[in-house]
Structures are given as C-alpha cells and as structure tokens.
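Colleague: Before we discuss this model, please set each label against the definition behind it. I would like the cut-offs beside the values.

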Amino acid sequence: MKAWVIGNWKQNPAASQEVDTLLESLLTAIDDGAKAGTELSNSHCNLMVAPSCIHLAAVSTRLKGTSILCAAQNISAHSASTGAYTGDCSAQQVADTGAMWTLLGHSERRQYHQESNECLLQKMTHALMQDLGVVLCIGETQTQYDANQTLEVIDGQLSVIKDLLVQQPDIAASLSDRLIIAYEPVWAIGTGKIPTVTEVSKTHQHIKQTVAGFTDSLNEMTVLYGGSVNADNADSFAADSMINGALVGGASLKAESFLAIANAFSRAST
C-alpha cells in the first residue's frame with residue numbers, strides 16, 4: 001500500500017508571498033532529490049497539502065502537473081454547488097480551483113463549529129458528488145482517552161461512513177480510492193504529547209476492521225496518524241504496517257521537516 005503524507009496548513013501562512021516561498025521550497029527540494037537520485041525521488045509516498053481557502057486556488061494552480069496534490073480544509077454542508085450561504089465554499093467551487101481532495105471532520109471543526117455526524121454526512125455526500133476525495137478525521141479527547149473510551153468514540157465517528165453506504169450503496173466499489181481516514185487523538189495535536197506506536201497501531205487495526213465490516217470493498221482502508229508527528233518520530237510510526245502515513249500540522253509548514261516525514265514513510269513502503 002502506497003503511503004500518504006498530508007500537510008494541513010490550517011490558518012497558515014498569513015501572506016501569499018509566504019505561501020509561494022513554502023511551495024517553492026517543497027518543489028525545489030523534491031526536484032533536487034530527483035536529480036540526485038536520492039530518496040526524495042522515490043514514488044512510494046503520495047504528498048498532499050491543504051492550504052486555507054483564501055490560498056486554495058493559487059496553490060492548486062502552482063501544483064498542477066507536480067507530484068504534490070492539493071486539498072481543501074473544509075467544504076459547505078449546505079450545498080454541493082451554489083446558494084445563499086455566506087462565508088461557505090462548496091464542493092463544486094473547491095473542485096473548480098483544481099483541488100482534488102478535502103479534509104472533513106477535523107477536531108478543530110468538531111470543537112469550534114460543533115460539526116455532527118449528520119453535518120459530516122452531508123459534506124461527504126457533496127464532496128463525492130463533485131469527485132473530491134475525502135480525508136475523514138477522527139479521534140478522542142484527553143478526557144475520553146483517560147476514561148478508556150477511545151474505541152467507543154471512534155466507532156461513533158466512523159458510523160458516518162456506514163450511514164453514507166446505506167444512503168448510497170452504489171459508491172461502495174469506488175469508495176476505497178476516494179476515502180482516507182486520519183486518526184488524530186485530540187490530546188496529541190500540537191501538544192507534544194505522543195501515544196506509543198503500539199497504541200496507535202492497535203487503534204488503526206480497530207479502525208480498519210470496523211470499516212471493513214461496513215463493506216468488503218473497504219478491507220484495504222488507508223489510515224493515517226496525526227498528532228505531533230515530526231521529523232524525529234516519523235520513522236517509528238512509519239515502521240508499523242498499520243500506519244499508512246501521516247496528517248501533519250506544524251511540521252508541514254517547513255519543507256525540510258515535511259519532506260523528512262515523507263521520506264520516512266517512503267522508505268518504509270519500499
């Protein structure tokens with residue numbers, strides 16, 4: 001299985017010039033690696049970045065024809081195309097920028113915007129309607145983790161996939177190519193707190209088994225880990241076969257650290 005390393009830029013960088021600088025750093029490093037025949041030239045890891053909506057069109061245009069894909073960080077739940085929804089960007093508008101994927105259900109969206117499974121079901125439906133792939137983010141809080149509720153919480157969050165399949169059974173055959181799950185324990189995002197590789201591996205195994213139970217076509221689900229992934233610990237996560245890549249936050253804002261994580265998963269996938 002080919003690994004994925006996705007950079008969630010969140011509300012960064014602030015200025016277009018900084019975005020351009022980051023993109024050029026990434027593309028130059030990849031190009032230099034290819035010319036030198038180093039591990040950066042390996043094709044064992046898919047790369048993707050998710051800029052803020054204000055920079056999405058420019059980033060998509062710059063990355064067109066390169067080895068890096070582009071994703072939105074969110075789409076509207078209200079309409080797949082257009083409507084009177086001030087401040088929202090629809091799946092069709094995101095696709096029109098050239099982006100091919102969208103993140104959905106990130107813990108910050110769940111926390112600050114109270115996104116429910118019902119809301120996420122609408123967003124997933126709209127994304128797939130517009131041929132956008134979905135990176136579905138799931139994970140438990142510190143309180144839930146301390147109460148040993150991790151698997152219970154994850155099961156509840158994964159049920160949106162089951163609901164989607166009930167509503168649209170015809171998409172089952174193609175969903176494995178259009179859906180990625182990112183497990184991000186909320187208590188580990190940006191905190192420096194890191195679960196053990198064994199903990200993450202067991203959780204990923206549970207996620208894979210649960211999703212495979214929804215339909216046989218999802219028995220090879222790609223599951224990424226997110227939560228304080230950095231250049232120093234990427235090798236340990238990449239070495240576990242249950243961990244198919246990483247959703248990277250702060251470390252994706254520097255080309256060196258982002259590509260070091262990608263290299264770790266690329267090496268592990270050979």
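Modeller: Helices (H or I, at least four residues) and strands (E, at least two) are runs assigned by DSSP and numbered from the N terminus, and Ala 127 lies in one such run, helix α5 (residues 117–129). This is a predicted model, in which local features need pLDDT of at least 70 and side-chain atom pairs count only at pLDDT 80 or more, while totals for chains, interfaces and linings use all residues. Residues are numbered from 1 along each chain as its sequence is written, and side-chain values use heavy atoms, with hydrogens and water left out.

Colleague: Why is Ala 127 called buried?

Modeller: Buried means under 20% relative accessible area, exposed means over 50%, and partly exposed lies in between (1.4 Å probe, protein chains only); Ala 127 has a value of 0%, so it is buried. Leaving aside residues up to four places away in sequence, Ala 127 touches Ile 75, Ala 91, Thr 102, Leu 132 and Val 134, where a contact means heavy atoms within 4.5 Å. Ala 127 also lies 8.0 Å from Gln 92, C-alpha to C-alpha, although 35 residues separate the two in sequence.

Colleague: Why does Thr 102 count as buried?

Modeller: The relative accessible area of Thr 102 is 0%, and therefore it is buried. Thr 102 is found in strand β4 (residues 101–104), and its contacts, again without residues up to four places away in sequence, include Ala 71, Asn 74, Ala 127 and Val 135.

Colleague: What makes the eight strands a barrel, and in which order do they close?

Modeller: The strands close in the order β1-β2-β3-β4-β5-β6-β7-β8, with parallel pairing, and two strands pair if DSSP finds at least two bridges between them. Strand β1 (residues 3–8) and β8 have four bridges in the parallel sense, and Trp 4 stands opposite Gly 245 in β8. Strand β7 (residues 223–226) is joined to β8 by two bridges, also in parallel, with Gly 226 opposite Leu 247. Two bridges likewise link strand β3 (residues 68–72) to β4 in the parallel sense, where Ala 71 stands opposite Trp 101.

Colleague: Which residues point one way from strand β8, and which the other way?

Modeller: Gly 245 and Leu 247 point one way from β8 (residues 245–248), whereas Ala 246 and Val 248 point the other way, and all of them are buried. In a regular strand the side chains alternate between the two faces of the sheet.

Colleague: What span does helix α11 reach, and what span is expected?

Modeller: Helix α11 (residues 255–269) has 15 residues and reaches 21 Å from its first C-alpha to its last, close to the expected 21 Å, the expected span being 1.5 Å times one less than the number of residues. Its buried residues include Phe 258, Leu 259, Ile 261 and Phe 265, and what covers the buried residues of α11 includes β1, α1 (16–36), β2 (45–50), α10 (234–238) and β8.

Colleague: At what angle do the axes of helices α7 and α9 cross?

Modeller: The axes of α7 (residues 150–167) and α9 (residues 197–212) come within 10 Å and cross at roughly 35 degrees; such axes are lines fitted to C-alpha atoms, for helices over the stretch in contact, and angles run from 0 to 180 degrees between N-to-C directions. The contact includes Leu 151, Ile 154 and Leu 158 of α7 and His 206, Ile 207 and Val 211 of α9.
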